[in-house]
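Subject: Structure handover

Hello,

Here is the structure for you to take over. Please open it next to this message as you read.

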Amino acid sequence: MSLKNLTKILVKILIMGFIFLYLMHDPVAEEQLSLRWTFDADSKIKAVTSGDLDNDNYTEIVAVSSKRVYVLDTKGNLKREYPIKFNPSAIFVADIDNDSIKEILIGSGWMNTTDIKGGRFEFEDIENIKEKEEFLYRITRNQGDIYVIQEDKKEPVKWLEVGEWVRDIFVDDLDGDGNNEILIASGGSNIDYIELVTTAISNKTGNLTYVRDYKEESSENGSVWIFYTNGSLIFSYHTDNIVWCVYSSLIREGEGKAISAGSKKLIVMDENAVELWTFESLGEDYSIKEVLIDDIDNNRINEVVTAFTSPIVSGIHVLDRDGSEIWQYRIFSKDILGLFSINLDIDDDKEIAIASDKSIYVLDKKGGVEWTYLLTRDIDGIQVTDLGDNEYKDFIIASGNSLFAYEISKDFIKLQRADRYYQEAKRYYDSANYQDAIVSLTNARYIYSELGNSESISICDSLLEKINEGLKEDKRGNANSLYRKALSKYYLGEYKEAREYAENALGIYTQIEDEKGISKCNSLLKDIEEALGPEVTTTSITLEETTTTIITDEGEMSSIILILLLIIIIILIAFGLHQIAIKRSKRRKVEK
């Protein structure tokens, strides 16, 4: 082999190696999320949840694959596993037998096809057919059950026959009697297989003939089921569409809990299955896949949050307790794989976290994007929980056959908080709210300083200069307004008010070092003083220990002026008499 060919092969190997490393590398920035551990299952993971199963104050992660249920500790170590022989579709952890130990509830779903006995056309029935008739010969129906796993059992036990594909499970004490109830969302597609038989008289033989054709008719069904923990049904609610999710919580204080279920529309019922209100989704192709009820804006009133999907766009609606939309957020994706209301960054506000495709989105209480995480791997399921060794939440992500546990970087949380403060300061600056802008910017700069982020500190300082300039312009505008009022009062002859406005304007111009403003105020004040004339004048002379105040009385000043005027008049008369005497003297000399 020539050296040239060997070089080409080595280059190709290096390129393939780099590609392999890139594909194996998770591009979630290390400063955002760090991978704590991974766990590999025997097949695709269908659902994941978490809970303290053995009351040891540590969270267990529960994942179900196509073949097994896995229980992991907070470090990703396998504690126990259970084989299953059904198709899992939903999972929930709760105490359903009031023994203070949580059980694992697993929903299942499958399609069951049944041939209808005597459903097909038989030739001997031809004479009974009137030209055209339909024969239902086969049906496919969605089915589902609920299984339960108790700690001392080796495998799941069937607990409830639901009769529809189980989509979601939720457990709550609906009536406040201290005992939990089981809420189930279910539904799926159904198919009717129909044989069409058309009869006619043959033109050639005159005999009765027939033609066969086939068609399929599809439909959906869905239900909300409420069961006691002993398995007896409390009530059910049925609709013509799949019910994807169910949740219960208080919406109004002093009232019973509300049950929210997502289908083509959101249905909100009371604990007796009486419909309170509905919220229509965005169209026929839209479905509500997730729902939760929580106080996301910290106003002590719960909101209803729904995640909707469609073939093109997905997102969330946030509704008030009466079903009116507060805001919505959209993403270009076909599905939403999780919806959580949690406090990720340990501040006063909750965030909403959703997962879709390869991304995790974290939104603030007003629908603004706080964080976005992009992974190389597809997200098939997600659970947000606290793995127990710090105060921050962790993301458990199911992708293919594996679980990935990510923890949020503390520094990243601080950085995001500082970025929010900075953006808030910019919004205040843009709206000329300079005082609030300074408060938000100070908070941002403090956190950036903690992180040693010199670039962001410099950006903060640059914005601070603009804010200070804005404050100066704001003050200049105020001073200009005061000066215009002073000028107006001066022209109206209201000199005292003009002087007050001018002095206030002068104080502001002096504070912002506006020489032009100072000059025009001084000029106006001089004109005002001249217009006011010699009224009360106060002069204060301050020495080290002695203060002397000299006050000239207006009455005394008037007397002095009169005396001076008299003296001037006398001088003028004397001067006139003197001039007359000089003229007479000159006339006499001429006559002589």
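Predicted model: local features only at pLDDT ≥ 70, side-chain atom pairs only at ≥ 80, totals over all residues.

Residues are numbered from 1 along each chain as its sequence is written, and side-chain values use heavy atoms, with hydrogens and water left out.

**The chain**

The secondary structure comes to 7 helices and 32 strands. Both are DSSP runs, numbered from the N terminus: helices are H or I with at least four residues, strands are E with at least two. Of the 592 residues, 40% are buried. Buried means under 20% relative accessible area, exposed over 50%, and partly exposed in between, with a 1.4 Å probe and protein chains only. Take the contacts between residues at least 6 apart in sequence: 49% of them join residues at least 24 apart. A contact here means heavy atoms within 4.5 Å.

**Sheet β2 to β5**

This is an open sheet of 4 strands in the order β2-β3-β4-β5, paired antiparallel. Two strands pair if DSSP finds at least two bridges between them. β2 (45-51) and β5 (78-83) are the edge strands, each pairing on one side only. From one strand to the next, the twist averages 15 degrees. β2 and β3 (residues 60-65) run antiparallel and are joined by 6 bridges. Ser50 has Ile61 in β3 as its bridge partner.

**Sheet β20 to β23**

Here again there is an open sheet of 4 strands, with the order β20-β21-β22-β23 and antiparallel pairing. Its edge strands are β20 and β23 (325-331), and each pairs on one side only. Direction ignored, neighbouring strands are turned by 15 degrees against each other on average.

β20 (residues 287-294) is mostly covered, with 7 of its 8 residues buried. It pairs with β21 (residues 303-309) over 7 bridges, in the antiparallel sense. Glu290 stands opposite Ala307 in β21. At the other end of the strand order, β22 (residues 314-319) and β23 run antiparallel, joined by 6 bridges. Gly315 stands opposite Arg330 in β23.

As background, side chains in a regular strand alternate between the two faces of the sheet.

**Ser249**

Ser249 sits in strand β16 (residues 245-250). Its relative accessible area is 17%, so Ser249 counts as buried. Leaving aside neighbours within four places in sequence, Ser249 is in contact with Asp172, Lys257, Ala258, Ile293 and Asn302.

**Helix packing**

Axes are lines fitted to C-alpha atoms, for helices over the stretch in contact, and angles run from 0 to 180 degrees between N-to-C directions. Angles under 35 degrees count as roughly parallel, over 145 as roughly antiparallel, 65 to 115 as roughly perpendicular and the rest as oblique. A crossing is left-handed if the near helix is turned anticlockwise from the far one by less than a right angle, and right-handed if clockwise. For contact residues, Ala, Val, Leu, Ile, Met, Phe, Trp, Tyr, Cys and Pro count as nonpolar, Asp, Glu, Lys and Arg as charged, and the others, Gly among them, as polar.

*α5 and α6.* Helix α5 (residues 495-511) packs on helix α6 (residues 515-532) at about 160 degrees, with the axes 9 Å apart. The two are therefore roughly antiparallel. α5 passes α6 in a left-handed crossing. Contact residues include Tyr495, Ala502, Leu506 and Tyr509 of α5 and Ile518, Leu524, Leu525 and Ile528 of α6. The contact divides into 13 nonpolar, 3 polar and 5 charged residues.

*α2 and α4.* The axes of α2 (residues 410-430) and α4 (residues 454-491) come within 11 Å and cross at roughly 20 degrees. These helices are therefore roughly parallel. Their crossing is left-handed. Tyr422, Ala425, Lys426 and Tyr429 in α2 meet Ile459, Cys460, Leu463, Lys466 and Ile467 in α4. By class, that is 7 nonpolar, no polar and 2 charged.

*α4 and α6.* These pack at about 25 degrees, with axes 11 Å apart. That makes α4 roughly parallel to α6. The crossing of α4 and α6 is left-handed. Asn480, Tyr483, Ala486, Leu487 and Tyr490 in α4 meet Lys520, Cys521, Leu524, Asp527, Ile528 and Ala531 in α6.

Best wishes
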